[in-house]
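Here are a few friendly notes to read alongside the model. Keep the viewer open and find each place as you go.

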Amino acid sequence: MKIGICAPSTPFTCEDAARVTALATATHPTAELVFHDQCFTESGHFAGSDAERLEAFVDLANEPAFDAIWFVRGGYGACRIAEDAALRLKGAARDKLYMGYSDAGNLMGALYRAGIGRVAHGPMPADIRREGGDAAVKRALDWMVHANPAALEPH
């Protein structure tokens, strides 16, 4: 499974991306994580300008080679591109899984309203920074890669 990762809100670090990639390689060897370069761009507190964040998401979502799109982290910003993003998505975007939470919920809500893809409220790569973050990232990968019901919270 090929998972495209973008930052519709705030940036990520190359070091944390390497940690997430190493964990995925060790626990989910069939998952190929592709961090868009835009994840590491900074413009104020955003991961690039609105246009850069929009382009990165649309490029990954419209790319047929990707099976899923994973939002790297939350923070204000996704709401600024959500409506425009949903309008620019094409056929390949409709078959993907999209995962994130926090401000990414604005973008996932726009996708849901437009009938695009399967949205999942779940851990993001940035959770690697938290206590228990490895387990959260593994749960997200369990759901994306294997649709493992054990990855879901019981409630």
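1. Let's begin with Asp-127, which touches Tyr-101, Gly-133 and Ala-136, leaving aside residues up to four places away in sequence. Here contact means heavy atoms within 4.5 Å. Asp-127 lies in the loop between E5 and H5. Because its relative accessibility is 5%, Asp-127 counts as buried. Buried means under 20% relative accessible area, exposed over 50%, and partly exposed in between, using a 1.4 Å probe and protein chains only.

2. A word on what you are looking at: this is a predicted model, in which local features need pLDDT of at least 70 and side-chain atom pairs count only at pLDDT 80 or more, while totals for chains, interfaces and linings use all residues. Residues are numbered from 1 along each chain as its sequence is written, and side-chain values use heavy atoms, with hydrogens and water left out. The names H and E stand for DSSP runs numbered from the N terminus: helices (H or I, at least four residues) and strands (E, at least two).

3. Now the sheet. It is open and has 5 strands in the order E2-E1-E3-E4-E5, with parallel pairing; two strands pair if DSSP finds at least two bridges between them. At the edges are E2 (32–35) and E5 (118–121), each pairing on one side only. On average, neighbouring strands are turned by 20° against each other, direction ignored.

4. E4 (residues 97–100) runs parallel to E5 over 4 bridges, and Met-99 has Ala-120 of E5 as its bridge partner. E1 and E2 also pair in the parallel sense over 4 bridges, with Gly-4 bridged to Val-34 of E2. E1 (residues 2–6) is mostly covered, as 4 of its 5 residues are buried.

5. Finally, how do H1 and H5 pack? H1 (residues 14–27) and H5 (residues 133–146) meet at an angle of about 60°, their axes 10 Å apart. Axes are lines fitted to C-alpha atoms, for helices over the stretch in contact, and angles run from 0 to 180 degrees between N-to-C directions. H1 is therefore oblique to H5: angles under 35 degrees count as roughly parallel, over 145 as roughly antiparallel, 65 to 115 as roughly perpendicular, and the rest as oblique.

6. Which residues of H1 and H5 make the contact? H1 contributes Arg-19, Val-20, Leu-23, Ala-24 and Thr-27, and H5 contributes Asp-134, Val-137, Lys-138 and Leu-141.
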